[in-house]
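Biologist: Let's go through the charged pairs in this one. Can you put the model up?

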Amino acid sequence: MPKPEGWRLDPGNYPVRGDFQTRFQDLDVNGHINNVAFAALFEGGRVMLNRQVDALANRPSNERTVVGDLHISYLGEGNFPDLVHIASGFGRLGRTSWTIHQAMFQNGRIIATCDTVIICRTDGQAKPLRDELRADLTARMAKQA
C-alpha cells in the first residue's frame, strides 16, 4: 500500500479538526475499529467541515450536493475506547465538484486517509459552482505542501 503524501501526515495542514469517540459496536472480530466505522467517523468530520461553509448552509432550494466518489486508505489499526482526531480540508475545486481531503489520527499516529468527491447539482443536473461557494471552499483548503 503506498504511503500518503507527506503533507497528509500533519493535522495542522487541515483547517478543521475535531475529536470523535469510537464505540464498542464499531469493533470487528479482531477487536479493531471496522471499515464501516472508519467511513462513519470520516462522515462526521465532513459534516463538521461543511457546517462552516455559509454558502452550503444558505444554498438555493434547488441545489443539492452528492458524494460522487469516496476512497479510504487504511494505514493502521484503530482501537476502542480511544478517541480519533479527524482533520479535514477542501482540495481540488473543479467546475461542478470539489474534493475533501481528510486524515484520521489516534494516539498521535495516522490510521487512515479519506478523499471524497462532492458533486454540486442544481435542478437535478451538475452545474458550475456558484462564486460564493467557490470562495467559501477556497478559504478552507488543506495546505498541500
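Biologist: Is Arg-23 buried, partly exposed or exposed?

Modeller: Arg-23 counts as partly exposed, at 41% relative accessibility. Buried means under 20% relative accessible area, exposed over 50%, and partly exposed in between, with a 1.4 Å probe and protein chains only. This is a predicted model, where local features need pLDDT of at least 70, side-chain atom pairs count only at pLDDT 80 or more, and totals for chains, interfaces and linings use all residues. Residues are numbered from 1 along each chain as its sequence is written, and side-chain values use heavy atoms, with hydrogens and water left out.

Biologist: Which side chain does Arg-23 meet in a salt bridge?

Modeller: Asp-26, at 2.8 Å from N to O. A salt bridge here is a side-chain nitrogen of Lys or Arg within 4 Å of a carboxyl oxygen of Asp or Glu. Asp-26 is buried, at 5% relative accessibility.

Biologist: How many salt bridges by this rule?

Modeller: The count is 4. One of them joins Arg-8 and Asp-115, with the closest N and O atoms 3.1 Å apart. Arg-8 lies in the segment before β1 (16-20) and Asp-115 in strand β5 (residues 109-122), so this pair ties together parts 107 residues apart in sequence. Strands are DSSP runs (E, at least two residues), numbered from the N terminus.

Biologist: And Arg-8, buried or exposed?

Modeller: Arg-8 is buried at 5%, while Asp-115 is partly exposed at 22%.

Technical notes:
Helices (H or I, at least four residues) and strands (E, at least two) are DSSP runs, numbered from the N terminus.
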